[in-house]
Amino acid sequence: NTYITESSDGVIDFYGDNTFLVSMKQNGTQSEVVVNEGSGDVDFRVESNHEDYAFFVDAEAAGAVAVGGSNITYKFNVHEGDMFVGATSAAGGRGIYFKRTSANNSWSLIQGHNGTHAFELREGNDTRMYWDDGGFVGIGTTSPSTKLHVYNGEATIASSTDGVKLSYSGGNSSGVIDTAFSDNALEFRTNGSSKMFITNAGNVG
């Protein structure tokens, strides 16, 4: 019931308990190694020095693939590790780097999640940053109305000691320009020249 046979010229087939396991083909029209050629329940597994399931293909799960484990939840699964998709290595390369940083916070990069061409950075089910197909960027919103739209918060442009904050006051229905630190002054310029200066004490010059 377990045997190897040359089924045709340049084609060697492997059977175990009458189950078609592997077909190795090398002839004028074919050059390939096929696992589970008979479409049976035959999984494919590669073992490394420290991982039994370094690479795993589950035959019953419509060909779902796992790296570093055997649990198949999605079409492609990476267990207990990072993943890089791009042209070169993750260090300085062009691509997307996926890294699991916490057992409670799973991050994902998604394109087309809402049926659009938008690109999202999500923590769990919450969208943290959103790029729409017109080039607008939203932080805390999936409907940015300008090139940069910060929703329900403030934006800070600062060093470790000096800076400015842009926000709003819901109680006064007003936009707010503030200093990032209590000892900072606020300066208004046009064409690089100072036109108004407000000290941290409130004096205007």
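Arg 128 counts as partly exposed, at 37% relative accessibility; buried means under 20% relative accessible area, exposed over 50% and partly exposed in between, with a 1.4 Å probe and protein chains only. The model is predicted, so local features need pLDDT of at least 70 and side-chain atom pairs count only at pLDDT 80 or more, while totals for chains, interfaces and linings use all residues. Residues are numbered from 1 along each chain as its sequence is written, and side-chain values use heavy atoms, with hydrogens and water left out.

**Salt bridges**

Arg 128 forms a salt bridge with Glu 123, a residue that is buried at a relative accessible area of 18%. A salt bridge is a side-chain nitrogen of Lys or Arg within 4 Å of a carboxyl oxygen of Asp or Glu. The structure holds 8 salt bridges, including those in the table.

| Arg 128 | Glu 123 | 3.0 Å |

Arg 45 is partly exposed, with a relative accessible area of 42%.

**Aromatic pairs**

A search of the whole structure finds 5 aromatic pairs. Rings of Phe, Tyr and Trp (its six-membered ring) pair if their centres lie within 6.5 Å; planes under 30 degrees apart count as stacked, over 60 as edge-to-face and the rest as tilted. The rings of Tyr 3 and Tyr 15 are stacked, because their centres are 4.8 Å apart and their planes meet at 10°. Tyr 3 lies in strand 1 (residues 3-8) and Tyr 15 in strand 2 (residues 11-16), so this pair ties together parts that are 12 residues apart in sequence. Strands (E, at least two residues) are DSSP runs, numbered from the N terminus. Tyr 3 is partly exposed, with a relative accessible area of 38%.

The pair of Phe 44 and Phe 55 is edge-to-face, because the ring centres are 6.3 Å apart and the planes stand at 75°. Phe 44 belongs to strand 5 (residues 44-46) and Phe 55 to strand 6 (residues 55-58), so the pair connects parts 11 residues apart in sequence. Phe 44 is partly exposed at 31% relative accessibility, and Phe 55 is likewise partly exposed at 31%. Tyr 3, Tyr 15 and Phe 20 form one aromatic cluster.

**A buried strand residue**

Asn 77 lies in strand 8 (residues 76-78) and is buried, with a relative accessible area of 5%. Leaving aside neighbours within four places in sequence, Asn 77 is in contact (heavy atoms within 4.5 Å) with Val 65, Ala 66, Val 67, Asn 71 and Ile 72. The C-alpha atoms of Asn 77 and Val 67 are separated by 6.2 Å, the two residues being 10 residues apart along the chain.

How values were computed
Helix = DSSP H or I, 4+ residues; strand = E, 2+ residues; numbered from the N terminus.
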